[in-house]
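Take a first look at the chain shown here.

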Amino acid sequence: MATFLYKLGRLAFRRRHFAALIWVALLTLAGVGAASAPAAGPTSFSIPGVEAQKAFDLLEQRFPGSSADGGTARVVFKAPAGEKMTDTANRATVDKIVKELGDGSEVLSVTDPFTTNAVSEDGTVAYASVKYDTPGMELKDTTRDALETAADEARATGLTVDVGGDALQAAAEPGAIGEAVGLAIAALVLVLTLGSLVAAGLPLLTAIIGVGIGVSTITALAKTLDLGDTTSTLALMIGLAVGIDYALFIVSRYRSELAEGRDREEAVGRATGTAGSAVVFAGLTVVIALAGLSVVGVPMLTKMGLAAAGTVVVSVLIALTMIPALLGYAGKKVRPANEKRRSRGDTSDSAGKRQAEPRLGTRWAHFVIRRPVAVLLLGVVGLGAIAVPATQLELGLPDDGSQATSTTQRRAYDLLSEGFGPGFNGPLMIVVDAQDSDDPKAAATTVTDGIKGLEDVATVTPAAFNKAGDTATITVIPDSKPSSVQTEDLVHTIRDQGADVRSDTGASVLVTGTTAMNIDFSQKLTDALIPYLALVVGLAFLLLIVVFRSILVPLKAALGFLLSVLAALGAVVAVFQWGWLAGLIGVEETGPIMSMMPIFMVGVVFGLAMDYEVFLVTRMREAYVHGESPHQAIVTGFRYSSRVVAAAAVIMMAVFGGFISSGESMIKMIGFGLAIAVFFDAFVVRMAIVPAVLALLGTKAWWLPKWLDRVLPNVDVEGEGLRTEADRNADPDEKRELARV
């Protein structure tokens, strides 16, 4: 591996024009494809195999033309203080609005609140339901404009009017400012780490090119592959972070090779062969984690994971080929490491050679080696305490109740809760499939009566049959809000009753609706978490055995990851569910954690955590293989890698943290969760717990059974083969010098 990448780096350095041209051409091609591609439609959301999805599919079959997936809107009216909606003037306003809305080209039906009993008991709140023949995200702009215009007309008469449902999508506040700040912080860290604007600009430039290719390709294929905006956001987030980090590691190693006196082409080759090998395996762990999301069985997650994994692959390839090419262009503008410190004149050893003072990373490594037990206990106990809130994790999907209070969707949600009860925002749809029943109407009546006798039920509507008379729908309004535990229990209770109904009447009872779909989605993700974790960690464990040629080092890496991801989940629960410090990051509404957050964090954080493990420990392994003692190898690894790993972690935190400013709750939560997870993993697990464990293990850390050592392929991440390669490329004088050494 190292020898191949060594040759690739030198080739890219010598043929820099060709290497740069290839990537510029790919970026141009992807950009043209994105610009000329048809506009992507809404992302279809389906969860194969769950009851709510089966009921939804049954409705499409048994109620043709009903547009079960059509958009909906609830126009909620509230009378001024001291008035009622049934007053003549207010009623006339509502009648006018209902008539105007019914004239829309995409409108299937509009209900009159005064004929459908959609007026609250105190008469102050009423709502009109609008049903469209097109999914909410596919509605024409003219349809949405008509809805907003109607609401404005009603407001002009003195009524309070807000619109809920999926017809008006909540506009997410732009997070571009936060993302720009994140990139600015990343640029500052790169300058401080690499010592020059030119060197700092290389990782930024290559990361932007890689993300540009990845995101443009996603945009170009969005219509064909049914990819949504969230897919592009994830690819952007992950691609920027790993793209900058991978390039940073190679540039940093290049400067170290220059500092050892090698010419620039040789330094590029060695940097690509050693740091580039770590980049390859670190990238593979990220790809495994992201592509592994496919095992969950949710198409949306599969597409997100594969698209982000593709962007990571592009980032790795760019780091291995374009960085060497750009280093060739930069020439002497990228200086050797510690050049400034040497020019200032540091302390000298007994032989008169200038010797740099120990860096912070070196001093920290010595400290950990002297007190490994204390450092290990402090790190584990600290992260364990932060992980405690994760035991109270509640999962759910965001609805209008989680929107910012400034949105009309949230205000409509609150008005409906005020007028009709919190459960009104999350109705359950019961589908009675009586095709195999002798008496469909009796079966539907049995189901209705059974539900009316349950706790936490506010309203049960009469059964509505299809034309064939073999399938009925029943709407149930819970007493509790959609995201509550009580509503979830009610869904399970109705489903349990359905088994008895089937045995008595032959009819099947299915529960669907947005609330039931969210419950099923959360359960599916929870059920898939352990298999997914086993697959991803298992594959990465095997990969790391090949990289480190050790059993205990990969095992320690996996256990450290579990600790950091649990601590990150604990922090997410404390902020987004409990509300601790929520105001600092703009969390306006606390509630259940997004259903996909745990499994998503496991995938992404595992990949990123293994990045730091590979970059830090491969340098230790390299020193150990070249003859240093286990403790000295730890110090050497920190001397050369700790500063760069710390800088890479700060860059990732800055990039992820930039997405916290997003107005979309899901993106905000992901940004915060990944940023805090990187902090825990890089600075607590990899910088403290890892060296403490290695110090305690000593030579045992690098133990590998002899039979396994013979079976495993030798990928030479440490660059041992480069000594022979360099010897072959050296001139006669250099060969004589190497022979003397």
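What follows goes from the whole chain down to single residues.

## Overall build

This is a predicted model. The chain has 741 residues, and 54% of them count as buried. Its secondary structure comes to 24 helices and 11 strands. Along the principal axes, the C-alpha atoms fill a box of roughly 100 × 50 × 45 Å.

## The nonpolar cores

Nonpolar side chains tend to be buried together in soluble globular proteins. Here the largest nonpolar core has 183 residues. Tyr246, Ile430, Phe561 and Phe656 have the most contacts inside this core. Helix H21, residues 665-697, gives the most to the core, with 19 residues. A second core is separate and has 27 residues. Met85, Val94, Ile97 and Val110 are among them.

Which residues does Ile430 contact, leaving aside neighbours within four places in sequence? The list includes Val447, Ile451, Ala472, Thr473 and Ile474. Val476, Ile494, Val509, Leu510 and Val511 are also in contact with Ile430.

## Aromatic pairs

A pair of aromatic rings is described by the distance of the centres and the angle of the planes. The structure holds 12 aromatic pairs. One of them joins Phe249 and Phe615. This pair is stacked, at 3.5 Å centre to centre and with 15 degrees between the planes. The pair links distant parts of the chain, 366 residues apart. Phe249 sits in helix H8, residues 229-259. Phe615 sits in helix H19, residues 597-625. Both Phe249 and Phe615 are buried.

Rings can also join into a cluster. Ring pairs link Tyr127, Phe420 and Phe424 in this way.

## Cavities

Rolling a probe the size of a water molecule over the atoms shows where empty space is left. Across the whole structure, a search finds two cavities of 30 Å³ or more. The second largest cavity holds about 30 Å³ of space.

What lines the second largest cavity? The lining residues are Met620, Pro630, Ala633, Ile634, Leu694, Gly698 and Trp702. Helix H20, residues 630-658, gives the most to this lining, with three residues. By class, the lining has six nonpolar residues, one polar residue and no charged residues.

## Two loop residues with positive phi

Arg549 has a phi near 50 degrees, a positive value in a residue other than glycine. Arg549 lies in the loop between helix H17 (514-548) and helix H18 (552-577). Is Arg549 buried or exposed? Its relative accessible area is 11%, so Arg549 counts as buried, the limit being under 20%.

Leu581 also has a positive phi, near 55 degrees, and is likewise a residue other than glycine. Leu581 lies in the loop between H18 and strand E11 (593-594). Its relative accessibility is 63%, so Leu581 counts as exposed.

Ile593 is found in strand E11. Its relative accessibility is 0%, so Ile593 counts as buried. Val572 is 21 residues away in sequence, and its C-alpha lies 7.9 Å from that of Ile593. Leaving out residues up to four places away in sequence, Ile593 touches Leu393, Glu394, Leu395 and Gly396, among others. Val572, Val573, Phe576, Gln577 and Met669 also touch Ile593.

Thr408 is in helix H14, residues 408-420. Its relative accessible area is 16%, so Thr408 is buried. Beyond its neighbours within four places in sequence, Thr408 is in contact with Arg155, Asp162, Val163 and Leu168. Lys706 belongs to helix H22, residues 706-711. Its relative accessibility is 70%, so Lys706 counts as exposed. The C-alpha atoms of Lys706 and Lys441 are separated by 73 Å, and the two residues are 265 apart along the chain.

Note on methods:
Residues numbered from 1 in each chain as written. Predicted model: local features only at pLDDT ≥ 70, side-chain atom pairs only at ≥ 80, totals over all residues. Heavy atoms only, no water. 1 Å grid on protein atoms, 1.4 Å probe; cavity = no way out; pocket = protein on both sides within 12 Å on 5 of 7 lines; lining within 4 Å. Points joined across faces, edges and corners; volume = space filled by probe spheres on them. Helix = DSSP H or I, 4+ residues; strand = E, 2+ residues; numbered from the N terminus. Nonpolar A, V, L, I, M, F, W, Y, C, P; charged D, E, K, R; others polar. Core = buried A, V, L, I, M, F, W, Y, C linked by side-chain atoms within 4.5 Å. Buried < 20%, exposed > 50% of the residue type's maximum accessible area, 1.4 Å probe, protein only. Contact = heavy atoms within 4.5 Å. Phe/Tyr/Trp six-rings, centres within 6.5 Å; stacked < 30°, edge-to-face > 60°.
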